[in-house]
Amino acid sequence: MNPFFTDYAEYLNSFFPGEKVQKISVNTGAGCPNRDGTIGSGGCIYCRNDSFTPGYCLKSSSITSQIENGKHFFRRKYREMVFLPYFQSYTGTHGTSGRELRAQYKEALSCSDTVGLIVGTRPDCLPDDIVKMMSELNEKRPLFVELGVETTHDSTLRLINRGHTWHQAEDTIYRLADAGLHVGIHLIAGLPGETEEMMLKTVDKVCSVPIESIKFHHLQVLRGTPLENAIESGTIKIQPWTIDNYLELCVNIIRKVPRSIAIERFVASAPPGMVIMPKWGVKNYEFTNLLINKLKAQ
């Protein structure tokens, strides 16, 4: 057990005792309401979806094929494991009816060694009928919902063209939790205009609502994004984080996150060729080891 915070493996072990659990990304070709004109266009200014889409995850393949390819990929390292299909690409609950989503989820759950599901989505793409359907599936096997929240500051959400407010995110978190679903959220540290005090206020707010896990990312400026263009034109400036600065921020974050909330990760991991800044060259487990060593030394 990690002495400083509840890590994600420990959290999953509470659902699947003794099992090695692996996420497998699934791409159904779902769109994003912030790109297709439903609520906006252009998407979030930092987003480049292919930066986190694995090579085995092709929308031209069936859900079953993607899962089987993912299992083959991961079993090269560990022979014995169980799997959580992760509907990750873009917004997993956008542009699809509840009936179609149910069919997709049932197909994923029918694959061997699948023990539950993870659905990545936005706070504004979870109408009540979809939440109800998810809740029904969750009664048989755990269904985890990962919400992109990013920050609780509406001024920042507007600046990054996120397309929703903190109030919408808060309302959705409560609706999901009331339906018995397992809620995780994504936050980004270092968004334009945000001070460390603002980031820690976000942590305080999200820890006061019924979530079970947090995935932290540091802001990466990726090639081909509106953020890159805005920085080059001088319309947006961002704080140039060093790894030591970010380690110190994460120490302060950990002090605020209760053990009842798991921390899934601390850093983003886009392919190096896509990253303009910061170029730290560390993987999540390497950063976590540095962080734990820093905590031990204090």
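Biologist: Is C250 buried or exposed?

Modeller: Buried, because its relative accessibility is 0%, and buried means under 20% relative accessible area with a 1.4 Å probe, protein chains only. Keep in mind this is a predicted model, where local features need pLDDT of at least 70, side-chain atom pairs count only at pLDDT 80 or more, and totals for chains, interfaces and linings use all residues. Residues are numbered from 1 along each chain as its sequence is written, and side-chain values use heavy atoms, with hydrogens and water left out.

Biologist: Which residues is C250 in contact with, leaving aside neighbours within four places in sequence?

Modeller: F266, F287 and L291, with contact meaning heavy atoms within 4.5 Å.

Biologist: Switching topic: how many cavities of 30 Å³ or more are there?

Modeller: There are 2. A cavity here is a set of points on a 1 Å grid over the protein atoms alone where a 1.4 Å probe fits but cannot get out, and lining residues have an atom within 4 Å of a point. Grid points are joined across faces, edges and corners, and a volume is the space filled by probe spheres set on the points.

Biologist: What volume does the largest cavity have?

Modeller: About 80 Å³. Its lining includes E150, M199 and F216.

Biologist: And how much space lies in the second largest cavity?

Modeller: About 40 Å³. Among the residues lining that second largest cavity are Y8, F144, H182 and S213.

Conventions. On a 1 Å grid over the protein atoms alone, a cavity is a set of points where a 1.4 Å probe fits but cannot get out, and a pocket is an open set with protein on both sides within 12 Å along at least five of seven lines; lining residues have an atom within 4 Å of a point. Buried means under 20% relative accessible area, exposed over 50%, partly exposed in between (1.4 Å probe, protein chains only).
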